[in-house]
Amino acid sequence: MATPLTIDHLRRYAISRSLFKPTTLSRAIARLGFVQLDPIRAPARAQDLTLRHRVDDYHAGDLEARYPRLAVEEDFFVNYGILPRNTQQLMHPRTARKEWSSARWEQAQAVLEFVKSGGVVHPREVDAAFQHGTTKNWFGGNSRASTQLLDGMHYRGLLRVARREAGVRLYAPSLSEAQEPVAADTVLDVLIDVVVAKYAPLPAATLGRLISSVCSSAVPQWRERRGEALARARARLPQATVDGSSWFWPVGDNPGARRFAHDESLDEKLRLLAPFDPIVWDRDRFERFWGWAYRFEAYTPARQRVRGYYAMPMLWRGQVIGWANATIHDGALVLEPGYVSGRAPKEAGFKSALQDEQISLERFLSLDRA
């Protein structure tokens with residue numbers, strides 16, 4: 001008789017499947033299926049902090065530097081990030097929810113011809129050539145109208161990000177590859193399987209939110225199919241009721257396998273995780289697994305922060321026991337840890353594990369130890 005699944009089985013399964021053996025950058029992106037991008041650097045960008053645990057000898061900035069040589073694309077999926085090109089192409093041609101006027105389409109066509117003539121262009125070149133002026137952005141400030149137009153063209157699949165220069169996206173014409181048309185339901189199922197594979201195991205509510213994001217943001221032209229896509233996913237994916245909630249995971253996986261039965265299956269390495277790491281991304285699941293609430297506080301007023309501007313969850317021996325803020329002062333990395341229990345663990349091995357993680361971070365940041 002099979003042992004009933006517990007929340008601890010699901011917790012260990014989530015960690016083990018996400019923290020796979022470090023591999024090449026391209027294979028890690030393919031394994032993850034999607035890497036969320038974020039511009040905050042504290043002490044490095046979230047994408048780099050995510051990849052450093054999963055890529056051999058990874059250093060901050062490697063993704064941006066090597067992006068032009070990889071078969072990946074920047075695009076909006078459930079949020080903005082990097083996807084394997086074959087996944088990204090499934091979302092296009094994309095019909096945005098906001099319709100453009102004929103005048104806007106004329107502007108876009110003119111810019112597209114300009115980009116085609118230049119091959120790869122910086123937004124300032126477009127702005128200088130067309131002088132579109134400024135416009136209000138979503139948070140009430142002013143942005144260059146050319147930047148908003150380029151963003152819209154990229155979202156609609158007219159342009160691709162060729163590379164970045166000092167963090168700024170440089171655009172090129174989209175890669176035109178003849179493809180056989182794929183049925184909408186088939187595409188939706190493939191895209192949903194990508195997010196399930198990245199964030200599994202998923203509570204039912206999170207599965208529903210992710211499918212809504214896929215249907216409304218990744219492929220808004222098919223947003224009316226959300227209900228049918230969710231029903232197919234619930235019927236297709238393995239699932240179990242644990243602690244009164246339904247949980248889902250990819251076909252072929254088994255969270256109840258013997259290797260997930262004990263914490264001894266998890267290694268002794270301490271890891272500081274990015275706020276958007278797949279292990280901690282779902283805040284509801286995080287609280288179910290570790291019994292405390294983690295929040296990203298970079299946009300919280302300083303006086304209201306509980307754990308710090310960019311607190312990175314601290315994973316050790318299968319438990320998230322606290323967090324740490326990392327800053328660089330005078331070329332040296334400074335870690336400021338905090339603990340859920342109010343103090344550092346006294347168990348043997350913790351102090352050296354934390355020190356090893358600091359050394360690993362310094363190497364990743366290309367800092368020289370004094």
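Which residues of H10 are buried?

1. Basis. This is a predicted model, in which local features need pLDDT of at least 70, side-chain atom pairs count only at pLDDT 80 or more, and totals for chains, interfaces and linings use all residues. Residues are numbered from 1 along each chain as its sequence is written, and side-chain values use heavy atoms, with hydrogens and water left out.

2. Helix H10. Thr206, Leu207, Gly208, Leu210, Ile211, Val214, Cys215, Ser217 and Ala218 are the buried residues of H10; buried means under 20% relative accessible area, exposed over 50%, and partly exposed in between (1.4 Å probe, protein chains only). Helices (H or I, at least four residues) and strands (E, at least two) are DSSP runs, numbered from the N terminus. The cover over these buried residues includes strands S2 (72–76), S8 (202–203) and S10 (245–248), together with helices H8 (145–155), H9 (184–199) and H11 (226–236); contact means heavy atoms within 4.5 Å.

3. Length of H10. The helix has 15 residues (204–218) and, at 1.5 Å a residue, should span 21 Å; the end C-alpha atoms are 20 Å apart, which agrees. The expected span is 1.5 Å times one less than the number of residues.

4. H7 and H8. The axes of H7 (residues 123–130) and H8 come within 9 Å and cross at roughly 120°. Axes are lines fitted to C-alpha atoms, for helices over the stretch in contact, and angles run from 0 to 180 degrees between N-to-C directions. H7 and H8 are therefore oblique to each other (under 35 degrees is roughly parallel, over 145 roughly antiparallel, 65 to 115 roughly perpendicular, the rest oblique). On the H7 side, Pro123, Val126 and Asp127 meet Ser146, Thr147 and Leu150 of H8. By class, this contact has three nonpolar, two polar and one charged residues (Ala, Val, Leu, Ile, Met, Phe, Trp, Tyr, Cys and Pro count as nonpolar, Asp, Glu, Lys and Arg as charged, and the others, Gly among them, as polar).

5. Alanine 129. This residue is in helix H7 and, at 44% relative accessibility, counts as partly exposed. Alanine 129 and phenylalanine 114 lie 15 residues apart in sequence and 8.7 Å apart in space, C-alpha to C-alpha.

6. H1 and H12. Helices H1 (residues 7–18) and H12 (residues 283–290) pack at about 120° with axes 9 Å apart, and are therefore oblique to each other. Ile7, Leu10, Arg11, Ala14 and Ile15 in H1 meet Arg285, Arg288, Phe289 and Trp290 in H12. By class, the H1 contact with H12 has six nonpolar, no polar and three charged residues.
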